[in-house]
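Hi there,

Here is the structure I promised to pass on to you. Please have a look at it first, and then read my notes below.

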Amino acid sequence: MTSAAPRASVDSLLHEVKDYRVIGRPRPFMWLATVVVIALTVAVAVSIVTNPRFEWDVVWQYFTSGSVLQGLWKTIELTIVSMVIGIIIGLVIALMRVSDNKVLNAVAGAYVWFFRGTPLLVQLVLLYNISALYPSISIGIPFGPTFFEGNVNDFVTPYVVAVAALALNEAAYMAEIIRGGLLSVDGGQIEASKALGMSGGRTMRRIVIPQAMRFIIPPTGNEVLSLLKSTSLVSVIALPELLYSVQVIYSRTFETIPLLMVATIWYLIVTSILMIGQNALERFYSRGSQRTSGPGSLQRLTGIRFRRPAQPAREEASA
């Protein structure tokens, strides 16, 4: 009986509240920084557009030239092929890393240590000169007959070297990403699936992988973007990808800046498309994990948060 009066007063107060909003504290320095950033952005944009040394007419002249488009396609091809191979090898390395077998774990750890600890450019040049270490390749039974033998230079072409170096390097990073995603799944769910009689493969397909994908997809998208830009390193072995294609042109015409701007714009276009796809995949695999959407850009900028009108509390039926 004593709690009926306070409850009635709270209910009446909630009925009187029709609308309210939370207003953040004034942020004059934030507004000042915003104005300064906008002014600097406009100044840089105007400088880039109006500077005649960029030679924008030359940029648009070579933007869709045949050699540039062929180099662009070679860059995209290298990215796709190397990423697919890197994911497959990375998955194997990740499974070895989480294995209870100490030998497999040690070998996988050494692989990740080497390819993450040395620069990609060094790996690329080293693999390109692998014939200095192994001039010939042979396939057969150890200490027995040889079924095939050939010259390494006949197989190690610039394209093969580029794909192998990019894929092996990417596999080391993908192994750690996949391993982190697998370890993010609660072990109790795996034990529960075993208690229900599910096999190890079915547990991996139905329980572990769907939940791990939410942690694997975002960094994998970042790795795709990084790999796309890393393909420019294969220009040192004269593979005609995007950067090497524009280098060939400006070495002949001496129009260095305009041709580099052509490569820059194409890189920005392709990475922007990949970022859109990455965001779509992230939203797909994060379904059910976000209760509410985050604040918009304007709200983050001003610090003001608006809330929906409070719904009147339902009157409880008196017993």
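This is a predicted model: local features need pLDDT of at least 70, side-chain atom pairs count only at pLDDT 80 or more; totals for chains, interfaces and linings use all residues.

Helices (H or I, at least four residues) and strands (E, at least two) are DSSP runs, numbered from the N terminus. Read that way, the protein chain goes α-α-α-α-α-α-β-β-α-α-α-α-α-α, with 12 helices and 2 strands.

Two notes on the source: residues are numbered from 1 along each chain as its sequence is written.

Now to the aromatic rings. Rings of Phe, Tyr and Trp (its six-membered ring) pair if their centres lie within 6.5 Å; planes under 30 degrees apart count as stacked, over 60 as edge-to-face and the rest as tilted. That rule gives 6 aromatic pairs. In one of them, Phe63 and Trp266 are stacked, at 4.5 Å centre to centre with 5° between the planes. This pair links distant parts of the chain, since Phe63 sits in helix α3 (residues 56-63) and Trp266 in helix α11, 203 residues apart. Both Phe63 and Trp266 are buried (under 20% relative accessible area; exposed is over 50%, partly exposed in between, with a 1.4 Å probe and protein chains only). Ring pairs also join Phe54, Trp56, Trp60, Phe63 and Trp266 into a cluster.

Over the protein chain, buried residues make up 28% of the 319 residues.

Enjoy exploring!

Note on methods: Side-chain values use heavy atoms; hydrogens and water are left out.
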